[in-house]
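Subject: Structure for your files

Hello,

Here is the structure I said I would pass on. My notes on the strands and the ligand site follow below.

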Amino acid sequence: MTDLKLLVRNNILELIPYSSARDEYTGKDAIFMDANESPFNGPYNRYPDPGQKILKEKLSSMLGLLTEQLFIGNGSDEAIDLLFRVFCTPGTDRVVIMDPSYGMYRVCADINDVAVDFAELDPDFSLNAGRILDKAGPATKMVFLCSPNNPTSNLLDQSEIIKILEGFEGIVVVDEAYIDFEGGVGLISLLGKFANLVILRTLSKAWAGAGIRLGMALGDPFLISLMGRVKYPYNVNMLTQDKALELIGNETQKQEWVELLLSERQRLEKELKAIRIVLKVHPSNANFLLVEVEDPDTLYDSLAGGGIIVRNRSRETHCNGCLRITVGTRDENNRLIELLKSY
Ligand SMILES: *Cc1c(COP(=O)(O)O)cnc(C)c1O
């Protein structure tokens, strides 16, 4: 079992966090003269709850977790950056990132001056635990995995992830941003067993809330408490907390959206496979398709000229010729197919 204390930067272990007015007095019915807020323009005159108590209770019970196992941030991006700041000493520590995957892990590493070792997926995009573990050395503090993966759209093999959790002493981050699209239940049930597991979730995809910026990290209570100490005191604003409560209060709606997108994905996959310039549609467990085409750069421009923007991923490892296409509404998907047929 990983001893988390040994992995954390000393300055973070010793940090005395900022204590805000709302940390020191948490009651409600009072005249607030403690935070230099304006008395006008309620409710926005008040600072938001730094502990996000109500939202955290709802989200953690939805996920079957204790509130102490849940960090809420300004998108998953904040959680990724905080993990670097908690665990990685700039200029000294390293991380391993599976390749290809989401670009933010590398950007956060660069910003924090943390060296990156990339571990390639197999050409069919499956995860090879041995290759990840081979890249991890004494200075490696974290490994980044993404399942289902962006941009390859496949779910990673859980037994390979477990080999990494067992074989690596540092933190294993598994980004489950797309887990709601046929990704199964994910790895939450492993949290009790592996103190070094951190799962990332977000309201940006299946919950249709990318604009409000609400991401989560799920993990060991001690690790989560460290993230809470390092974050900006008011990292999730009042508008976001309110809107997030509204979104997660309507799980039926989210499920309807997910089912619609899954059926559209299936239709799109079938239609795309019948188009001449499409060489391959990779199997997907997400709300997008990785599609190999004959001439991705020219096709990208042509689609953009027709008003449809996709993502050119053809320069990513093992992604030669590939465009990444997000599943849209039925009408949007029809327009895409129409453009491709007339190309
Ligand atoms: C879209 C996406 C996210 C979401 O990030 P937010 O900051 O929560 O919007 C996280 N991870 C991956 C792999 C993604 O593709």
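Two strands are taken as paired here if DSSP finds at least two bridges between them. On that basis V173 stands opposite V198 in β6. Please keep in mind that this is a predicted model.

Strand β5

β5 covers residues 171-175, and because 5 of its 5 residues are buried, the strand is largely enclosed by the rest of the structure. Buried here means under 20% relative accessible area. In a regular strand the side chains alternate between the two faces of the sheet. In β5, I171, V173 and D175 point one way, while V172 and V174 point the other way. Residues on both sides are buried.

β5 has a neighbour in β4 (residues 140-146), and the two run parallel, joined by 5 bridges. Within this pairing, M142 has I171 as its bridge partner. To get from β4 to β5 the chain passes through helix α8 (residues 158-167), and this β-α-β crossover is right-handed.

β5 is also joined to β6 (residues 197-202), by 4 bridges, and these strands run parallel. V172 is partnered with L197 of β6.

Strand β6

Is β6 buried or exposed? 6 of its 6 residues are buried, so this strand too is largely enclosed by the rest of the structure. Both of its faces are covered, with L197, I199 and R201 on one side and V198, L200 and T202 on the other.

β6 also pairs with β7 (residues 215-218), in the antiparallel sense and over 4 bridges. In this pairing I199 stands opposite L218.

The ligand site

There are 14 residues around the ligand, and D175, Y178, S204, K205 and R213 come nearest. By class, the shell consists of 5 nonpolar, 5 polar and 4 charged residues.

- D175: an N or O atom of its side chain is 2.6 Å from a nitrogen atom of the ligand.
- S204: a polar side-chain atom lies 2.6 Å from an oxygen atom of the ligand.
- N150: an N or O atom of its side chain is 2.9 Å from an oxygen atom of the ligand.

On its own the ligand has 390 Å² of accessible area, and the protein covers 94% of that.

Regards

Technical notes: Residues are numbered from 1 along each chain as its sequence is written. This is a predicted model: local features need pLDDT of at least 70, side-chain atom pairs count only at pLDDT 80 or more; totals for chains, interfaces and linings use all residues. Side-chain values use heavy atoms; hydrogens and water are left out. Buried means under 20% relative accessible area, exposed over 50%, partly exposed in between (1.4 Å probe, protein chains only). A crossover is right-handed if, with the strands pointing away from the viewer, the path from the first strand over the helix to the second runs clockwise. A residue is near a molecule or strand if one of its heavy atoms lies within 4 Å of it. A polar contact is a pair of N or O atoms within 3.5 Å; within protein, one must be able to donate a hydrogen and the other to accept it, and residues adjacent in sequence count only if both atoms are side-chain atoms. Accessible areas come from the Shrake-Rupley method with a 1.4 Å probe; for residues, only the protein chains shown count as cover. Ala, Val, Leu, Ile, Met, Phe, Trp, Tyr, Cys and Pro count as nonpolar, Asp, Glu, Lys and Arg as charged, and the others, Gly among them, as polar.
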